[in-house]
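Please read the following briefing alongside the sequence and the coordinates shown here. It is grouped by topic, with the cut-offs of each term given where the term is used.

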Amino acid sequence: MSGEGDGPQTVLFACALNAVRSPMAAAILRHLMGDRIRVASAGVRAGITDPYAVAVMDEIGIDISDHEPAALKDLEADDFDLIVTLSPEAHHHGVEMTRLIPAAVEYWPTPDATVVADSGNREEVLAAYRAVRDSLFQRIKQRFLPTSGGPTV
């Protein structure tokens with residue numbers, strides 16, 4: 001664990017499938033912090049890389065096209081001192097992980113943009129993914145760069 005006031009040194013973002021929310025969040029934090037924090041993402045289940053997520057991240061200059069979805073059960077959880085959960089299912093699993101490791105867990109309820117993909121046209125779908133991306137970007141800036149202007153979306 002990191003020292004008091006230093007902030008976390010290792011962060012895991014977790015969601016249901018590790019296809020949209022958690023890979024976006026991990027990539028944004030890496031973009032903002034570089035190698036100052038080790039960042040990973042995983043899902044309750046490993047999904048497949050989502051092309052809409054890749055597209056909206058590319059719009060802001062962050063490439064996640066090589067993202068390989070991972071499942072929480074496949075990680076060395078003891079390497080993380082902060083687990084940020086982005087869906088109810090992932091939150092349950094994140095809390096369970098802390099029975100074995102001394103990690104803090106933060107729950108950031110984040111909408112599932114894939115719901116729109118089932119019913120919307122391409123522009124509606126992209127708008128939903130952009131909204132998730134932008135809300136994660138702002139939340140990550142507030143949490144990890146509270147006094148910095150830092151990059152913007």
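**Briefing on the predicted model**

Asparagine 18 lies in the loop between strand E1 (10-15) and helix H1 (21-33), where helices (H or I, at least four residues) and strands (E, at least two) are DSSP runs numbered from the N terminus. This is a predicted model, in which local features need pLDDT of at least 70 and side-chain atom pairs count only at pLDDT 80 or more, while totals for chains, interfaces and linings use all residues. Residues are numbered from 1 along each chain as its sequence is written, and side-chain values use heavy atoms, with hydrogens and water left out.

**Two buried residues**

- Asparagine 18 has a positive phi of about 55° although it is not a glycine.
- Asparagine 18 counts as buried because its relative accessibility is 0%, buried being under 20% relative accessible area, exposed over 50% and partly exposed in between (1.4 Å probe, protein chains only).
- Arginine 133, which lies in helix H5 (residues 122-144), is buried as well, with a relative accessible area of 5%.
- The side chains of arginine 133 and aspartate 134 are joined by a polar contact of 2.7 Å, a term for a pair of N or O atoms within 3.5 Å of which, within protein, one must be able to donate a hydrogen and the other to accept it, and for which residues adjacent in sequence count only if both atoms are side-chain atoms.

**The sheet**

- An open sheet of 4 strands runs in the order E2-E1-E3-E4 with parallel pairing, where two strands pair if DSSP finds at least two bridges between them.
- The edge strands, each pairing on one side only, are E2 and strand E4 (104-107).
- E1 and E2 pair in the parallel sense over 6 bridges, and alanine 14 stands opposite alanine 42 in E2.

**The largest pocket**

- About 210 Å³ of space lies in the largest pocket, a volume being the space filled by probe spheres set on grid points that are joined across faces, edges and corners.
- Of the 13 residues that line this pocket, the closest to its centre are Arg30, Ile64, Asp66, His67 and Glu68; on a 1 Å grid over the protein atoms alone, a pocket is an open set of points where a 1.4 Å probe fits, with protein on both sides within 12 Å along at least five of seven lines, and lining residues have an atom within 4 Å of a point.
- H1 and strand E2 (38-43) each supply at least two residues of the lining, and H1 gives the most, with 4 residues.
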